[in-house]
Amino acid sequence: DPPFPSSLLLTPEVLTQYNTVTHLLLMIKRAKFALEDCTNGVLGVRGFDDYSGLGVSYQHSMNLLKSRLLHFINNLQYYLVNRVLQSGWVEFMQRLEHVNDIDQVNLVHKEYLSTIYERCLLVARMAQVMNPIIRVMNMCLKFRTRWNALFSIARAYPKGNVPAKARDQALLDFKTMEAEFGQCVSFLVIALKKAVQQKQAPHLDDMLLRINFNEYYPKI
């Protein structure tokens, strides 16, 4: 437990909220690392380049899905780190300059934590927005698993005689993941637009602009 007088501010409930915010940031960082860890080692391996003329299309599909996932994760991270946490911290520091006692400090701190907790979509009423985001982050981990499995298959057949069944299944996995990603993002964009239009969470306008700039996702 924090020592006195920090314990007056950092109660168990407050620490739980901070841990939840940190956990969300680590989940995003993990998803980003998983995608960036997918090297191009599988590309150019015999058995995939000359797969009945589908080599180029296959590689393009894999890299396009990876780019879309990374685009989403990068913009989500930017919104949370810069538009929520950084700007919230600056405002918190400015308000602290005008407090006179520990009670006021406690009040300002609680308001600050409540604000970032809500804007990080961690409150129950934001579950409709957070759920597809969680699904996309889990999808990033699944993508790396599929990518590494594909690379292992290719390395197991250095002469290019990869079984058609294995290649077909790998391609199907990526296509299924691509469709799932499209559904998640479409649902998220709709939920964000609805929340903004109904003025349930005006701050989500920034998130919608960042993630779906120029109506990016409906066009893919």
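# Helices and salt bridges in a predicted model

Reader: What pattern does the protein follow along the sequence?
Author: This is a predicted model, and read along the sequence the pattern is α-α-α-α-α-α. The secondary structure comes to 6 helices and 0 strands.

Reader: How many of the 220 residues count as buried, in percent?
Author: 38% of the 220 residues. The accessible surface of the protein comes to about 12,500 Å², with 55% of that belonging to carbon and sulfur atoms.

Reader: And contacts, what percent join residues at least 24 apart?
Author: 78%, counted among contacts between residues at least 6 apart in sequence.

Reader: Switching to H3. What is its reach from first C-alpha to last?
Author: H3 has 18 residues and reaches 26 Å, close to the 26 Å expected at 1.5 Å a residue.

Reader: Which residues in H3 are buried?
Author: Val-108, His-109, Tyr-112, Leu-113, Ile-116 and Tyr-117. They sit on the same side of H3, because they cover an arc of only 165 degrees around the axis.

Reader: What about phi of Leu-121?
Author: Near 70 degrees, a positive value in a residue other than glycine. Leu-121 lies in the loop between H3 and helix H4 (127-156).

Reader: Is Leu-121 buried or exposed?
Author: Leu-121 counts as buried, because its relative accessibility is 4% and the cut-off for buried is under 20%.

Reader: New topic. How many salt bridges does the structure hold?
Author: There are 9 salt bridges. One of them joins Asp-37 and Arg-144, at 3.6 Å, N to O. That pair links distant parts of the chain, 107 residues apart: Asp-37 is in the loop between helix H1 (12-36) and helix H2 (55-96), and Arg-144 is in helix H4.

Reader: Which residue does Arg-68 form a salt bridge with?
Author: Glu-178, with the closest N and O atoms 3.0 Å apart. Arg-68 lies in helix H2 and Glu-178 in helix H5 (residues 164-197), so the pair ties together parts that are 110 residues apart in sequence.

Reader: Are Arg-68 and Glu-178 buried or exposed?
Author: Both are buried.

Reader: And Arg-125, what is its partner?
Author: Glu-118, with the closest N and O atoms 2.2 Å apart. Arg-125 is partly exposed at 47% relative accessible area, and Glu-118 is partly exposed at 23%.

Reader: Which residues are linked in a network of salt bridges?
Author: Arg-135, Lys-142 and Glu-180.

Methods:
Residues numbered from 1 in each chain as written. Predicted model: local features only at pLDDT ≥ 70, side-chain atom pairs only at ≥ 80, totals over all residues. Heavy atoms only, no water. Helix = DSSP H or I, 4+ residues; strand = E, 2+ residues; numbered from the N terminus. Buried < 20%, exposed > 50% of the residue type's maximum accessible area, 1.4 Å probe, protein only. Contact = heavy atoms within 4.5 Å. Areas by Shrake-Rupley, 256 points an atom, 1.4 Å probe, with all protein chains shown as cover. Expected span 1.5 Å × (residues − 1). Arc of directions from axis to C-beta. Salt bridge = Lys/Arg side-chain N within 4 Å of Asp/Glu carboxyl O.
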